[in-house]
Amino acid sequence: DCPEGYLGSGYTRCVQSVGCYVDNGGCDELVECTDSPIGPICGPCPQGYDGNGTTGCVDFDFCADNPCYPGVFCGDLPAPEVGFT
């Protein structure tokens, strides 16, 4: 195997990768970055977050659509929890 930051089998050669090794490949810090021949591939945002791993993940606000009865407080649960109280 090649050392961290390099791609290849280690038997034939290792080529330095700047993909995921540097700044998580440009992916959001909450997602997994995978090096590929075409460049870094960002994984999906974790549960409770909205967006995608490439442009960023933000805590999804489950109270934004006013799901509670009028006059009742809606408390959004912080990610990675989902829902409201």
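Guide: Let's start with Cys20 and Cys33, which are joined by a disulfide with an S to S distance of 1.9 Å; a disulfide here is a pair of cysteine sulfur atoms within 2.5 Å. In general, such a link is a covalent bond between the sulfur atoms of two cysteines. The torsion about the S-S bond of Cys20 and Cys33 is about -75°, so this disulfide is left-handed. The pair links distant parts of the chain, 13 residues apart: Cys20 sits in the loop between strand 2 (14-16) and strand 3, while Cys33 is in strand 3 itself. Helices (H or I, at least four residues) and strands (E, at least two) are DSSP runs, numbered from the N terminus.

A word on what you are looking at: this is a predicted model, in which local features need pLDDT of at least 70, side-chain atom pairs count only at pLDDT 80 or more, and totals for chains, interfaces and linings use all residues. Residues are numbered from 1 along each chain as its sequence is written, and side-chain values use heavy atoms, with hydrogens and water left out.

Now look at the surroundings of our pair. Cys20 is buried, with a relative accessible area of 15%, and Cys33 is buried at 15% as well. Buried means under 20% relative accessible area, exposed over 50%, and partly exposed in between (1.4 Å probe, protein chains only). Leaving aside neighbours within four places in sequence, Cys20 is in contact (heavy atoms within 4.5 Å) with Gly25, Cys33, Thr34, Asp35 and Pro40.

Ser36 counts as buried because its relative accessibility is 15%. A polar atom of the Ser36 side chain lies 2.6 Å from the backbone oxygen of Gly39.

A search of the whole structure finds four disulfides, so let's visit some others. Cys27 and Cys42 form one, with their sulfur atoms 2.0 Å apart. Their link is left-handed, with -85° about the S-S bond. This pair also links distant parts of the chain, 15 residues apart, with Cys27 in the loop between strand 2 and strand 3 and Cys42 in strand 4 (residues 39-42). Cys27 is buried, at a relative accessible area of 8%.

Another disulfide joins Cys45 to Cys57, S to S 2.0 Å. The torsion about that S-S bond is about -90°, so the disulfide of Cys45 and Cys57 is left-handed. Cys45 lies in the loop between strand 4 and strand 5 and Cys57 in strand 6, so the pair ties together parts that are twelve residues apart in sequence. Cys45 counts as buried at 16% relative accessibility, and Cys57 is buried at 11%.

Strand 6 has a partner too. Strand 5 (residues 49-52) and strand 6 (residues 56-59) pair in the antiparallel sense over four bridges; two strands pair if DSSP finds at least two bridges between them. Tyr49 has Asp59 in strand 6 as its bridge partner, and a hairpin of three residues joins strand 5 to strand 6.

Several of these cysteines come together in the largest nonpolar core, whose six residues are Cys20, Cys27, Val31, Cys33, Cys45 and Cys57. A nonpolar core is a set of buried Ala, Val, Leu, Ile, Met, Phe, Trp, Tyr and Cys residues joined through side-chain atoms within 4.5 Å.

Finally, a contrast: the sulfur of Cys68 is 3.6 Å from the closest cysteine sulfur, in Cys74, which is too far for a bond.

How values were computed
A polar contact is a pair of N or O atoms within 3.5 Å; within protein, one must be able to donate a hydrogen and the other to accept it, and residues adjacent in sequence count only if both atoms are side-chain atoms.
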